[in-house]
Amino acid sequence: MKIPQHIAIILDGNGRWARSKGMPRTFGHTKGADNVEVICRAADELGVKYLTFYAFSTENWKRPQSEVDKLMSILRKFMKTAKKRADDNNMRVRIIGDITALEDDLQEAIKDLEASSAKNNGLNMQIAINYGSRDEITRAVRNICKDALKGDIGDISEELIGDYLDTAGIPDPDLMIRTSGEMRLSNYLLWQLAYAEFYFTDVPWPAFTPDDLRAAIEEYSSRDRRYGKIKEEG
């Protein structure tokens, strides 16, 4: 079985899963957050090197305030133990997205986590928070223009644009998984997913298991991957 180097996951279905259990949507978000660590361990054991989760989009601010507040509470709870868990699992954690919209304490916790886990050389976990791909590209173009006016850059190339994205230094995903039956990208990694394989499952995120992850990888492994009509080697 061929293991993708980088898997991106859209964590969908938390609210619907909770409603199916007769519970509030916020219960689903809590269980979904708990499942992140489960899937990280499974991915690491399978040999995946990078795992990127879509946790909170730029559009999620439009949800009911009570739900947004709960999501921020879950993020705070995650941050309290994230440094220890990252070290225990030799995991490097990075946040992609515009964190300037978050409260100051969360911004500081994110910076501290990224700095403290940078030494770890196991699984690379990226979490997209206040992330939207159009916003990411807009910010990248704005910064390119600023640096161009200062004369700090040369010709515009794909590689240069990539260096200004939130994912600079991280290889593009090979496989994108979306849970809970939706079949769209929802403004997620539009640049980076240009050549990725897509896998959609009806399983909601809180119920997504290591066996489901393996099934997605097996499906990926069975596909005839081609780039510009040139078959991928290996």
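A residue counts as buried when its relative accessible area is under 20%. Keep that in mind for this predicted model, where 7 of the 8 residues of strand β2 (residues 50-57) are buried, so the strand is largely enclosed by the rest of the structure.

**Strands and their partners**
- β2 runs parallel to strand β1 (residues 6-10), and 5 bridges join the two. Here, Ile9 stands opposite Phe53 in β2.
- β2 also runs parallel to β4, this time with 7 bridges. Thr52 has Gln126 in β4 as its bridge partner.
- Strand β4 (residues 124-131) pairs with β3 too, in the parallel sense, over 5 bridges. In this pairing Ile96 stands opposite Ala128 of β4.
- Strand β3 (residues 92-96) is mostly covered as well, with 4 of its 5 residues buried.
- Together with helix α4 (residues 104-117), β3 and β4 make a left-handed β-α-β unit.

**The largest pocket**
- This pocket holds about 770 Å³ of space.
- Its lining has 33 residues, and the ones nearest the centre are Leu11, Tyr54, Ala55, Phe56 and Asn60.
- β2 turns up again here: along with α1, α2, α3 and β4, it supplies at least two residues of the lining.
- Sorted by class, the lining has 16 nonpolar, 8 polar and 9 charged residues.

**The second largest pocket**
- About 390 Å³ of space lies in this one.
- It is lined by 20 residues, with Gly162, Ile170, Asp172, Trp191 and Gln192 closest to its centre.
- Helix α6 (residues 158-164) gives the most to this lining, with 4 residues.
- The lining divides into 10 nonpolar, 4 polar and 6 charged residues.

Technical notes:
Residues numbered from 1 in each chain as written. Predicted model: local features only at pLDDT ≥ 70, side-chain atom pairs only at ≥ 80, totals over all residues. Heavy atoms only, no water. Buried < 20%, exposed > 50% of the residue type's maximum accessible area, 1.4 Å probe, protein only. Pairing = 2+ DSSP bridges. Right-handed = clockwise from strand over helix to strand, strands pointing away. 1 Å grid on protein atoms, 1.4 Å probe; cavity = no way out; pocket = protein on both sides within 12 Å on 5 of 7 lines; lining within 4 Å. Points joined across faces, edges and corners; volume = space filled by probe spheres on them. Nonpolar A, V, L, I, M, F, W, Y, C, P; charged D, E, K, R; others polar.
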